[in-house]
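Please consult the sequence and the coordinates alongside the text.

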Amino acid sequence: MSKVLIPAASSGLAVAVILGIARAIGETLAVQLVLGNAPVIPKGLFTSASALTSEIVMEMGDAPDGSPFRHALFTMALLLLLIAMGLIVLIRLALRKRT
């Protein structure tokens, strides 16, 4: 029975994993509270830091149009998009190898 159910459900499971990871990335408030929201480069695993999404949200209103700072914020957003796309591609490749 598991030889039939698991392969049939693999695409749905992959979608669930992708949505779970995307939701985890999007949970800015929870991540911000856990990390401590300190806009510094962390020196260790247990030191305060800041999430990319929280930095983008907090700083976008203060960034003047056309400034290097605003371009840096959009680059951070592009980096988040590339991370999400990379995760989706990895899951699709993993599913392709199974079938």
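## Conventions

A contact is counted when heavy atoms lie within 4.5 Å. The model is a predicted one, in which local features need pLDDT of at least 70 and side-chain atom pairs count only at pLDDT 80 or more, whereas totals for chains, interfaces and linings use all residues. Numbering starts from 1 along each chain as its sequence is written, and side-chain values rest on heavy atoms, with hydrogens and water left out.

## Fold and dimensions

The protein contains four helices and zero strands, where helices (H or I, at least four residues) and strands (E, at least two) are DSSP runs numbered from the N terminus. Along the sequence the pattern reads α-α-α-α.

The C-alpha trace spans about 60 × 30 × 20 Å along its principal axes. The radius of gyration, taken over C-alpha atoms, is 18 Å, while a compact globule of 99 residues would have a value near 13 Å; the globule rule is 2.2 Å times the number of residues to the power 0.38. Of the contacts with a separation of 6 or more, 36% join residues 24 or more positions apart.

## Surface and burial

Buried residues make up 16% of the 99 residues, with buried meaning under 20% relative accessible area, exposed over 50%, and partly exposed in between (1.4 Å probe, protein chains only).

The protein carries 8 positive and 5 negative side chains, and the centres of the two sets lie 26 Å apart. Lys and Arg count as positive and Asp and Glu as negative, without His or the chain ends; each charge is placed at NZ of Lys, CZ of Arg, CG of Asp or CD of Glu. The count of salt bridges (a side-chain nitrogen of Lys or Arg within 4 Å of a carboxyl oxygen of Asp or Glu) comes to one. It links the side chains of Arg 70 and Asp 65 at 3.4 Å, N to O. Asp 65 is exposed, at 68% relative accessibility.

Glu 55 belongs to helix α3, residues 52–59. Glu 55 is buried but has no salt bridge, and the nearest side chain of opposite charge, Arg 70, is 14 Å away. Beyond residues up to four places away in sequence, Glu 55 touches Asn 37, Pro 39, Ser 50, Leu 73 and Met 76.

## Gly 36

Gly 36 sits in the loop between α2 (28–35) and α3 and is partly exposed, with a relative accessible area of 44%. Gly 36 and Ala 49 are separated by 13 residues in sequence and by 6.1 Å in space, C-alpha to C-alpha. Leaving aside residues up to four places away in sequence, Gly 36 touches Ser 48 and Ala 49.
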